[in-house]
Amino acid sequence: MAGQILSGLNSAQRDAVTSDADVVQVLAPPGSGKTKTLTARVAYLLAHRQLKPWNIIVCTFTVKAATEMKERIRKFVGDECAKQLKLGTFHSIALRYLKQYGVHIGLAKDFGVADTADSKAIVKRIIRQNDLSIDAGQARGRISTQKAKGIDSEQFARTCKSTEQQEFSQIYQDYQAMLDASELLDYDDLLLKCCTLLRTQRQCVANIEALLIDEFQDTNNIQYQLMSLFAQHRNVITIVGDPDQSIYGFRSAEIKNLSRMRESWPDTLTINLEENYRSSGAILLAAQHIIEQDEARPPKKLQATHAFGLRPILRKLPHAQAEAEWLVSEVKRLQTLTGNLLQPSDFAVLLRSAALSRVMEAALGQAGVPYRMVGGSRFYDRVEIKLLLDYLRVINTPTNSEALARIINVPARRVGETTVKALVEEARQHRTPLWIYIKAIAQGNRRSSTRIHETAMLGLRKFVGIILGGRAKAEANPSQPVAVVDVLNLVIKKLNFEKYLTEHYKEDHESRWSNVEELLAQATEASDPARLQSLLELSTLPAIDGVEQAELSTKDDALSVFLANIALTTTSLEKAEADGEKVSQLTISTIHAAKGLEWPVVFIPACYDGSIPHSRAEDNDEERRLLYVGMTRAQAVLYLSSPARNSQREEAVQSTFLNQPGVISFFEEHGPSISFAATKGLATTLGRDCPTQSELETCKKILDRDEDNYWPLNGEAPFTELAKADGIGFGMQNMQPATVFISTNTTMQQAANFPGAGLASAPGFTSLKTRFEEAREELSLAQVDKRAKSAKVIEGDKSKGRKRQIEGQGSIATFFGKPTLVKQSSSVGSLGSMDPTDDLVSEPLSKRLRPPLQDVANRGSERIRTGQGRRNLLQHKVRNAPLLQRPSTRVEDSGAPCSAYMFLSSSPTRQEEDLTAAEPSYEVVRDDREDAAQVRSATTFHTTTMQKIAPQRKTLGMRRSLQGWSARGDKN
DNA sequence: GCGCCCCGCTTTTTT
DNA sequence: AGCGGGGCGC
């Protein structure tokens with residue numbers, strides 16, 4: 001057994017795992033086998049100290065970490081045993097104790113959990129009511145900070161002096177009063193109340209034999225207290241952590257808890273892990289260099305175990321859009337040139353803030369690279385889901401006035417803002433929960449002091465009826481567990497919810513409805529008694545003499561438990577993968593959410609001042625650590641990049657962390673050349689089989705650019721890009737590139753079936769932006785030629801060489817000479833008419849052309865955050881998309897030489913089967929003169945795309961070669 | 001007075 | 001993608 005547990009551990013890890021010390025600190029830098037050590041320690045404690053799993057608590061910080069930890073422990077000790085451990089986030093473990101024993105400290109039995117939105121709403125209302133000028137978000141943050149320190153509203157009120165503090169104190173007190181009245185605990189309360197519980201009812205944790213904590217550097221004061229309390233009987237504690245990876249200071253994490261712990265338990269054994277098993281030497285060296293800029297930090301050893309490998313890349317790009325395009329091209333280049341040594345799932349894009357993902361998603365969606373977005377908004381935050389959950393919450397706890405106020409007029413019942421406001425205010429004055437008050441009014445037992453319209457009264461009655469109906473359902477059969485689904489179904493029926501969605505969200509009601517279906521599925525699952533049991537793991541919390549457990553049966557608390565857990569659950573990652581498609585997907589994530597994870601190739605875009613370090617960050621050292629955390633996620637290839645202008649077109653300066661003298665020597669200026677040797681190196685670092693040299697040669701032929709040499713290294717725009725900045729003012733800077741298909745009537749060469757074709761977008765697809773750039777280029781050439789001064793002139797110029805060239809290239813010249821982009825009626829985004837020959841300057845294109853970002857971005861991709869209904873959702877979306885409509889405007893034939901017209905449609909084209917294909921959302925319609933403007937069905941189009949496109953690809957190559965770029969298209 | 005719709009503005013990180 | 005404000009219609 002010991003052999004099994006210890007196999008594959010180095011000596012430091014072994015020491016940590018087998019130590020006889022009761023209190024062990026393992027300081028584990030990135031990639032040093034932190035989780036491995038912790039899981040092995042759990043297994044060791046079980047096997048060698050004969051501890052019982054239900055007497056062990058394992059705490060993590062994020063849901064994801066908990067999931068992963070559980071998975072790894074399961075592999076070690078088996079399913080049965082792993083299940084019995086008390087393993088979860090601090091918050092979820094606290095919730096379990098509170099649900100079980102909370103009544104002993106005066107908590108309501110079915111208290112709810114206030115999520116961020118609830119807290120925010122409460123604070124906002126208090127501020128409005130008291131006519132204060134404090135920012136709601138800030139006030140909420142301050143409340144949270146105080147709570148994290150363990151200071152409650154009364155304590156704070158006693159100590160505060162200045163009027164400003166008193167003002168805040170008032171908000172804090174009102175806020176707390178509001179939570180109490182609504183029987184809600186916010187996130188911080190979960191921890192605070194649990195501390196109170198364990199302090200007053202010590203027996204609750206009398207059984208706890210060992211406590212293990214992951215990512216200890218992220219604990220805040222209250223979590224530290226909680227740790228002490230969990231372990232108060234035996235004081236057996238193992239923690240792992242790394243001060244360099246402390247990135248939750250904003251949540252009041254205190255690095256000094258590490259030293260505090262050594263003071264509290266003087267016998268603490270500290271073990272340093274120093275070998276990194278994750279990253280190549282070059283990456284590690286660069287990361288070390290960055291983190292060492294922090295001079296206050298104690299020097300630390302970190303030994304690479306891998307070869308030096310490829311140096312990381314620090315790339316400059318002209319703007320955010322270009323950065324995204326470049327990133328995508330590098331993904332494709334690496335994937336193709338390494339002969340599929342790398343899958344999309346081997347790539348990660350790590351961002352300082354989730355909002356930065358938009359540009360990335362657009363570019364990836366564009367290129368048909370499947371991706372998933374981790375973090376960002378959660379499934380349960382979607383409006384339609386929140387709405388239903390609010391109904392459930394009110395049915396479960398009608399005193400929850402917050403939720404009540406939100407749903408009272410949704411769907412609209414003619415109970416308007418003014419009426420609601422009045423009711424809320426009156427209820428407040430009467431010191432009555434809103435629910436009691438409106439129920440009395442609706443039932444005619446009370447008169448409102450303000451007049452309520454007849455219609456409003458009707459609506460109110462209807463609403464009260466629904467809630468009462470729901471409650472009746474929930475209590476229908478006292479001997480049976482509440483079927484959460486039944487209640488949910490009732491609400492959906494009473495609200496006529498499907499119809500409501502259809503009417504209210506014309507565009508995407510399908511997807512919203514499928515989210516509802518997803519929620520129903522989850523409710524069904526939660527209604528299963530066995531499942532419910534495991535949700536709380538009731539069986540593992542011991543009945544203890546002297547502490548009477550709350551009569552927590554599965555009977556009447558199913559709903560309450562379901563709701564409380566939802567508040568603590570981000571969308572379940574494991575589930576998404578379990579039911580999942582085996583489509584390999586690139587990961588987009590915030591750096592925070594990426595902690596603890598690793599990928600062969602990591603991109604960290606937007607490395608500019610204001611993003612990282614973030615403009616609103618208070619602690620630059622923490623921002624630096626954040627960059628360090630991001631960098632150390634990479635195993636073999638690491639790209640950092642910064643645009644000269646951010647997505648708002650503001651000037652952006654490369655991050656100070658990267659601007660320091662000396663930093664540059666750790667980086668390359670552009671993506672690596674992928675030689676056979678380089679590929680072999682990657683394969684070794686990743687422990688994978690390397691493709692043969694001849695395979696790689698074949699792959700190389702596929703790309704028309706096998707080096708990262710399109711964008712100039714100095715961060716300026718390439719010639720084609722510069723053209724647009726010369727005063728013509730295309731205004732495309734903000735434009736998301738749209739894929740445009742150019743069809744010609746030439747036949748094709750091979751294209752589609754090279755390895756990796758699935759990932760690489762169909763060759764020849766080029767961005768609309770590029771199209772325009774090339775159009776611009778054409779224009780400037782024409783000007784130099786003195787052949788033409790404007791589009792019109794070119795159009796009229798049918799002379800010789802020029803003409804031939806035009807014919808050879810077909811669409812561009814045609815496009816330019818006789819641009820015929822015709823507006824389609826749109827179901828997704830608005831798409832303005834776009835005719836480059838008419839007034840180019842009058843209105844920025846970004847205004848006129850807005851591609852259906854969402855749709856393009858989602859194609860072939862899923863976002864984890866959309867929950868498990870995604871697949872259906874996509875299918876719905878595509879299947880029910882309106883068919884491409886005929887252009888409302890006929891193409892006018894000016895008589896210019898042309899071989900193709902382009903049509904843009906912002907509607908997703910209908911396609912029945914192939915969801916993964918990167919099919920166009922824009923379509924070109926060929927014009928064979930006889931049959932102009934014939935709209936081809938998308939399905940047909942799709943199958944012919946490849947053939948139609950290939951020659952165009954060659955054309956592109958030629959065009960580029962004009963400027964001296966290598967162009968594979970020319971060589972064949 | 002009330003409700004609905006459109007537009008423009010802003011967006012750190014997590015439980 | 002949400003929120004507040006303004007405009008408009010009932």
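**From sheet to DNA**

Leu351 stands opposite Thr590 in strand 14. Strand 12 (residues 347–351) and strand 14 (residues 586–590) run parallel, joined by four bridges. Helices (H or I, at least four residues) and strands (E, at least two) are DSSP runs, numbered from the N terminus. This is a predicted model: local features need pLDDT of at least 70, side-chain atom pairs count only at pLDDT 80 or more, and totals for chains, interfaces and linings use all residues. Residues are numbered from 1 along each chain as its sequence is written, chains are lettered from A and ligands numbered from 1 in the order in which they are written, and side-chain values use heavy atoms, leaving out hydrogens and water.

The open sheet has six strands in the order 11-16-15-12-14-13, with parallel pairing (two strands pair if DSSP finds at least two bridges between them). Strand 11 (313–319) and strand 13 (371–373) stand at the edges, each with a single partner strand, so one side of each is left without a neighbour in the sheet.

Now the core. Ile438 and Phe497 touch the most other members of the largest nonpolar core, which has 56 residues. Such a core is a set of buried (under 20% relative accessible area, 1.4 Å probe, protein chains only) Ala, Val, Leu, Ile, Met, Phe, Trp, Tyr and Cys residues joined through side-chain atoms within 4.5 Å.

Finally, the DNA. A base oxygen of DNA strand B is 3.4 Å from an N or O atom in the side chain of His592. For His614, a side-chain N or O atom is 3.3 Å from a sugar or linking oxygen of DNA strand B.

Key: Buried means under 20% relative accessible area, exposed over 50%, partly exposed in between (1.4 Å probe, protein chains only). A polar contact is a pair of N or O atoms within 3.5 Å; within protein, one must be able to donate a hydrogen and the other to accept it, and residues adjacent in sequence count only if both atoms are side-chain atoms.
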